[in-house]
Amino acid sequence: MILVGKSGADDLVIRGARVLDPTEGVDLVCDVRIVAGVITEIGTSLDPNGVRVIEADGNLLVPAFVDPHVHLRTPGREDEETIASGTAAAAAGGYCAILAMPNTEPVVDNTDVLRGLRAQAAEEAEIPVGFTAAITVGQLGQQLTEMGELAEAGAAAFTDDGRPVATAGLMRRALEYNAITDRLLTLHCEEPSLTKGGHMHMGAVSAELGLGGWPSLGESLGVARELSLAGDTGQPVHLMHLSARESVDHLRAAQAAGVAATGEASPHHLVLTDEAVRSLDTNFKMNPPLRTEDDRQALIEALLDGTIGVIATDHAPHSREEKDVPFEAAPFGVTGLETAFSSLYTYLIEPGVLPLGLVIERMTAGPARTFGLDIPRIAVGAPANLTLINLAATWRVTEERFKSLSANSWLLGERLHSKVVLTIAAGRVAYEA
Amino acid sequence: MTERSLHVVSGDLRPPSDGERRHLLSVADLDRDDIDRLLATAHSFALSQERDTKKLPTLRGRLVANVFFESSTRTSTSFELAAKRLSADTLSMKASGSSVDKGESLRDTALTLSAYEPDVIVIRHPQIGAPQLVAQATHAHVVNAGDGKHQHPTQALLDLYTISESLGRLDGVHVAIVGDVLHSRVARSLVQALRLVGAHVTLVGPPPLLPEGLGVERSFDIRDIANADIVYVLRMQRERMEEGANYVPSLREYTARWGVTLDRLSPNQRVMHPGPMNRGVEIDPRVADSPQALVVDQVKAGLVVRMAVLYDLLTTGPVLVETTAEVA
């Protein structure tokens, strides 16, 4: 089992929901019965038989979301996020499963740390969570971790996220060796010699502001390296948080050539551009950085044509004192679990840029399939992993609302449309508004 | 004996009187009207500085706090004197290098200063965005006296003032900015300001030090300064150069190809430099000491422009400046 956390055997009837499951090809108004945490009946006028009834009033019921890219900051920075707080935040965002990144203190690079986290998660995770492990010991780019043993102990995937695997030679070894596991290598693509001293996208805005530039090529050169190695070794790769048009072009070409490569985009890269950095608000500082409108359009095109199959938040909590400093002194990273769907709905779905069903697919089946997790489905016999969303609701993003221990959101102060009102994860009600 | 009068600058040049707390964080905060108003006010103050008694009572009882997290001689001196000439109280803080590394100390410093209820905080900081942070954290008007490679708006204003006084116009003036634009907040602010007033700008220097995207033309050939009215020489910011970054192979090669020398200038061109100068690197000493150089005029302009900025931020009514009446 890759995922650990609380599960349940709740009995419920959700009445009068607009049930939408793009994978199952379902979009109709009906009722859903859950018995002992499993969907047992989908129909109309279901008799509650004395169990709790949730009146959906036409709200949207979709398979719950899966986020393969979350920083839970545990162990080491439990002041910024804990397994309990991060998974509660995920539940509030409509997620039924998340994968945590291993760049903690200490790094998840051995089975002792991994087993400790999994034991802790079994107790306190509000939704099931999987823990990824590092590709190299300490993420230092010198020595491969014991990937075989880590996979047996439940590592969900392998990544040196936060930085690239240091050299092409070592990356090649990791790909070759990883053939003994059935876990994915999920890669942060960056060429450090091009991004050193970079604080934002290198372009007209960085030239004007005087901030050190982090060029598109800093990512796409890394993307080209990883795709070449994946093609050469015949091993699959997943490319995280893509931001540049050139990266997407490389990925599309590699996929067409038969390379087993998948890609991921984050809501902030889909909604914002480097123009936002003019405010010098440190909640617009992330790695990779916000890029141009042309890059944003490339990400949207890639989501539409399937080149990018995964929407992931790269939820990266930072304490107030870390972010409340001048732009150059601030760390990279923003939170996103609790705003992901609402932000995409407000800025992309409602204006007609992306179809609702496609976004749902890229937040549920897309990531689950990519990482070999069970696909959340609304079908009889499936475990209840469901999210109920009021599309008509509006809410203001404020610090007090967050379940996350950190509030470094790029949406602070914004009014968003649509609100998750109920999340059922692994048969258990994990969040209720 | 000179005659005193109240010189009323035209009503069009009034600062906004909506009571909103204003800052000068970036040239991007200004429009053409703001620049015209500030330069006109500076001109009035320049006339006042020709009198024996140079102090004006205008900002008596106001407090101007100068907070410098980065070494500075001319800017801090200029702001301090500007405040004193307007009769404001001044308070100066020079932060040590070590506290700069700890970002949280900036907010704490701002809060500590706030306890004295300064009307204006003038801040210089090595990190971009520090003045914005102070503006959020305090109730003072904040003036950016230089933040990293980002902005130095009062330098841009004093440069416009100097050009305007020297050539009698700003529209259509051709300015060649020579040298390390990439690391220069002076260049960034000046390019924005010059574009705002309709000047023509050419950046000249080594390719890696001339960023694209500033909306002005670039040239790698020093001969392209020939058509400029003003040759604006930037300091080679060696302290900002990361080791091994190789922006230029050597200072020797830089000087040989892009150094501003007398034989690269024609006599009618004016030369400016924000200081401090590396004589013999980006500028030949004979140029620096020639009558073509406006470097001392820039320093004088700095005083009256900063007086104008402080005055402008702290007044919302019509611009009434006590000056010596000019004899027709």
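This is a predicted model: local features need pLDDT of at least 70, side-chain atom pairs count only at pLDDT 80 or more; totals for chains, interfaces and linings use all residues.
Chain B is divided into domain 1 (4–152 + 299–324) and domain 2 (154–298), while in chain A a record places one named feature at residues 58–247.

- The secondary structure of chain B comes to ten helices and eleven strands, and 46% of the 328 residues of chain B count as buried.
- Among the contacts in chain B that link residues at least 6 apart in sequence, 75% join residues that are at least 24 apart.
- Where the two domains of chain B meet, 25 residues of domain 1 are in contact with 23 residues of domain 2.
- On the domain 1 side of this boundary in chain B, helix H1 (32–48), strand S5 (141–147) and helix H10 each supply at least two residues, and H10(B) gives the most, with seven residues.
- The residues on that domain 1 side, which touches domain 2 of chain B, divide into 13 nonpolar, six polar and six charged.

- Leaving aside residues up to four places away in sequence, B:Val178 touches B:Val204, B:Gly205, B:Ile225, B:Val231, B:Tyr232, B:Val233, B:Leu234, B:Trp258 and B:Val260.

**Where chain B meets chain A**

- In the contact between the chains, 21 residues of chain B are in contact with 16 residues of chain A.
- The elements of chain B that give two or more residues to the side touching chain A are helix H4 (104–114), helix H5 (130–137) and helix H7 (185–196).
- The residues on this side of chain B divide into six nonpolar, eight polar and seven charged.

**Chain A: an annotated region and a sheet**

- UniProt, in an unreviewed entry, places the feature "domain: Dihydroorotase catalytic" at residues 58–247 of chain A.
- Chain A has an open sheet of four strands in the order S9-S12-S13-S14, with parallel pairing, and the edge strands, strand S9 (185–187) and strand S14 (310–311), each pair on one side only.
- Strand S12 (residues 237–239) and strand S13 (residues 261–265) of chain A pair in the parallel sense over three bridges, and A:Val237 stands opposite A:Ala261 in S13(A).

- A:Glu126 has its place in the loop between helix H2 (111–124) and strand S8 (129–131) of chain A.
- A:Glu126 is buried, because 25 other C-beta atoms lie within 10 Å and the cut-off for a buried residue is 20 or more.
- Not counting residues up to four places away in sequence, A:Glu126 touches A:Gly5, A:Lys6, A:Ala84, A:Thr87, A:Ala88, A:Ala91 and A:Ala430.
- A:Glu126 and A:Ala90 are 36 residues apart along the chain, and their C-alpha atoms are separated by 8.5 Å.

Terms used:
Residues are numbered from 1 along each chain as its sequence is written. Chains are lettered from A and ligands numbered from 1 in the order in which they are written. Two residues are in contact if their C-beta atoms, placed from the backbone, lie within 7 Å. Ala, Val, Leu, Ile, Met, Phe, Trp, Tyr, Cys and Pro count as nonpolar, Asp, Glu, Lys and Arg as charged, and the others, Gly among them, as polar. A residue is buried if 20 or more other C-beta atoms lie within 10 Å of its own, exposed if 12 or fewer, and partly exposed in between; C-beta atoms are placed from the backbone. Two strands pair if DSSP finds at least two bridges between them. UniProt positions are given in the numbering used here, feature names are shortened, and annotations may be inferred rather than shown by experiment. Domain bounds come from an automatic or database domain assignment.
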